[in-house]
Amino acid sequence: MLFGLSLAVLLLLVSSTAGKPCTCSSLLPTGLKVNCSSLNLMELPRLPADTTELHVQDNQLTSVSPGMFDTLVGLKKASLSGNPFHCDCRIQYLRNWLLKNKAVVSEEPICASPSSVAHIAISELSDDFFSSCGPTSCTDGTHDTLLGVMLCCLIVLLLWSLKLAKKSTITLYIDERHSGFEAESLQSLKPKHRRRLHTDYLNYTTDLEKPPLNMELLPQVMDVLHKKHNIKIKTT
């Protein structure tokens, strides 16, 4: 119990923007009383999970971060009044929490602004008031998960495409009317140049001074290209 109390005090020492820490005291048989009232706080500190009594009245709180009270399952008393709460979409979490924990709150906190809802209890704000608000943090987490899954699928697809490309076969069709291309255009490629056959190796020429390819060597060339470079050549 002493260890838990020391840890709670340590967590709350860095909480106050005014330089004054919240105070903790043990409640028997188990639990903590956390007093952060009148400290000019603009946001709540991280609260110990075993807090059973919480006092944060008379500060400068305008909202409560989503999930702030979710770990306080043993909370039996809370005081939030005297704070200038700004009732917009950011107050939706506190409003929902208040509706579920009316028996815990000793005095109903009210809206200080905007003027359209000033002096109205936060728990009395209707669902229509928050109809224009964006998705909650839970939805945002689901959205991030979906993006992660989509990214993983894209990576798998790219790897599969790369593997498929390595096993692909290149087929060249040579027509008889193109039998006059230069013989050096089919020079054997070294293994390190494998799969880097470019179209500039197939240079068509009309220069009659250069000897045409000896067609008797064509079967041998085709066999070399097929066996060493996985290139199939079909003559038509």
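## Basis of the values

Residues are numbered from 1 along each chain as its sequence is written, and side-chain values use heavy atoms, with hydrogens and water left out. Because the model is predicted, local features need pLDDT of at least 70 and side-chain atom pairs count only at pLDDT 80 or more, while totals for chains, interfaces and linings use all residues.

## Aromatic pairs

Rings of Phe, Tyr and Trp (for Trp, the six-membered ring) pair if their centres lie within 6.5 Å; planes under 30 degrees apart count as stacked, over 60 as edge-to-face and the rest as tilted. A search of the whole structure finds two aromatic pairs. One of them joins Phe69 and Trp97, with 4.6 Å from centre to centre and 50° between the planes, and it is tilted.

Phe69 sits in the loop between strand E3 (51-55) and strand E4 (77-79), and Trp97 belongs to helix H2 (residues 92-100), so this pair ties together parts that are 28 residues apart in sequence. Helices (H or I, at least four residues) and strands (E, at least two) are DSSP runs, numbered from the N terminus. Phe69 is buried, at 2% relative accessibility, and Trp97 is also buried, at 9%. Here buried means under 20% relative accessible area, exposed means over 50%, and partly exposed lies in between (1.4 Å probe, protein chains only).

Phe129 and Phe130 form an edge-to-face pair, because their ring centres are 5.1 Å apart and their planes stand at 90°. Phe129 is partly exposed, with a relative accessible area of 29%, whereas Phe130 is buried, at 6%.

## A cis peptide bond

Most residues other than glycine have a negative phi, and most peptide bonds are trans. Which form does the peptide bond from Ser113 to Pro114 take, cis or trans? This bond is cis, with omega near -5°. Pro114 lies in the loop between strand E6 (111-113) and helix H3 (137-166).

## Positive phi angles

Ser38 is not a glycine, yet its phi is positive, at about 55°. Ser38 is placed in the loop between strand E2 (32-35) and E3. With a relative accessible area of 51%, Ser38 counts as exposed.

Asn40 is another residue other than glycine with a positive phi, near 60°. Asn40 is found in the loop between E2 and E3. Its relative accessible area is 44%, so Asn40 is partly exposed.
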